[in-house]
Amino acid sequence: MYKPFFLFLFPVFLMVQSVSAQLEVTWQDFADVNFEPMYNEKYDVHFLMPKFGERIKTYQGKKVQITGYFLDISGTGEVFLVSANPMASCFFCGAAGPESIVEVNFKERPPFKTDQVVQVTGILELNGNNVDHCNYILKEASGKLVN
């Protein structure tokens with residue numbers, strides 16, 4: 001009597017697990033990008049624009065998770081990043097490139113402080129043309145402190 005019931009429940013359990021699971025991405029995954037100079041009319045200047053590789057494109061629109069250093073680059077709690085490096089070594093200080101940061105749009109304002117190690121989960125957007133935002137953006141994000 002119980003066997004048919006469990007045979008029915010097992011596939012349902014697998015479907016729920018796959019829908020709710022997020023993909024763990026690494027900083028190496030984000031490095032799957034090249035940059036080419038392109039003229040931007042709005043700012044009347046050339047910017048290095050991303051050309052995303054096939055591997056990172058597979059994560060577009062998916063729920064992903066990344067671990068890195070939390071950065072509040074606005075200082076006022078308006079612009080949040082997660083970085084492969086702490087603030088003193090971030091891309092804008094010369095030690096890395098734009099592929100080493102992810103802009104994060106949290107569902108709720110996070111309690112984190114700059115340079116704390118966090119694990120952030122959200123929907124990945126690849127931004128290939130808006131120079132006012134990072135190349136990688138996590139939307140609807142949540143996070144937790146890593147000890």
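Strand E6 is largely enclosed by the rest of the structure, because 5 of its 6 residues are buried (buried means under 20% relative accessible area, exposed over 50% and partly exposed in between, with a 1.4 Å probe and protein chains only). Helices (H or I, at least four residues) and strands (E, at least two) are DSSP runs, numbered from the N terminus. The model is predicted, so local features need pLDDT of at least 70 and side-chain atom pairs count only at pLDDT 80 or more, while totals for chains, interfaces and linings use all residues. Residues are numbered from 1 along each chain as its sequence is written, and side-chain values use heavy atoms, with hydrogens and water left out.

E4 pairs with E7 in the antiparallel sense over 7 bridges, and Ile-66 is opposite Val-120 of E7. The pairing of E4 with E5 is antiparallel too, over 4 bridges, and includes Tyr-69, whose bridge partner in E5 is Ser-83. Strand E1 (residues 23–24) runs parallel to E4 and is joined to E4 by 2 bridges, with Glu-24 opposite Gln-65. In a regular strand, side chains alternate between the two faces of the sheet.

The largest nonpolar core holds 23 residues. Such a core is a set of buried Ala, Val, Leu, Ile, Met, Phe, Trp, Tyr and Cys residues joined through side-chain atoms within 4.5 Å. Phe-30, Ile-56, Phe-106, Val-120, Leu-124, Tyr-136 and Leu-138 touch the most other members. Leu-138 has contacts (heavy atoms within 4.5 Å) with Val-64, Ile-66, Val-102, Glu-103, Val-104, Asn-105, Val-120, Gly-122, Ile-123 and Leu-124, residues up to four places away in sequence not being counted.

On a 1 Å grid over the protein atoms alone, a pocket is an open set of points where a 1.4 Å probe fits, with protein on both sides within 12 Å along at least five of seven lines, and lining residues have an atom within 4 Å of a point. Of the 22 lining residues, Val-131, Asp-132, His-133, Cys-134 and Asn-135 are the closest to the pocket centre. Strand E3 (45–52) and strand E6 (101–106) each supply at least two lining residues, and E3 gives the most, with 4. The lining has 14 nonpolar, 6 polar and 2 charged residues (Ala, Val, Leu, Ile, Met, Phe, Trp, Tyr, Cys and Pro count as nonpolar, Asp, Glu, Lys and Arg as charged, and the others, Gly among them, as polar).

Asn-135 is in the loop between strand E7 (117–126) and strand E8 (136–145), and is buried, with a relative accessible area of 12%. Beyond its neighbours within four places in sequence, Asn-135 is in contact with residues including Phe-35, Pro-50, Phe-52 and Pro-98.

Terms used: Two strands pair if DSSP finds at least two bridges between them.
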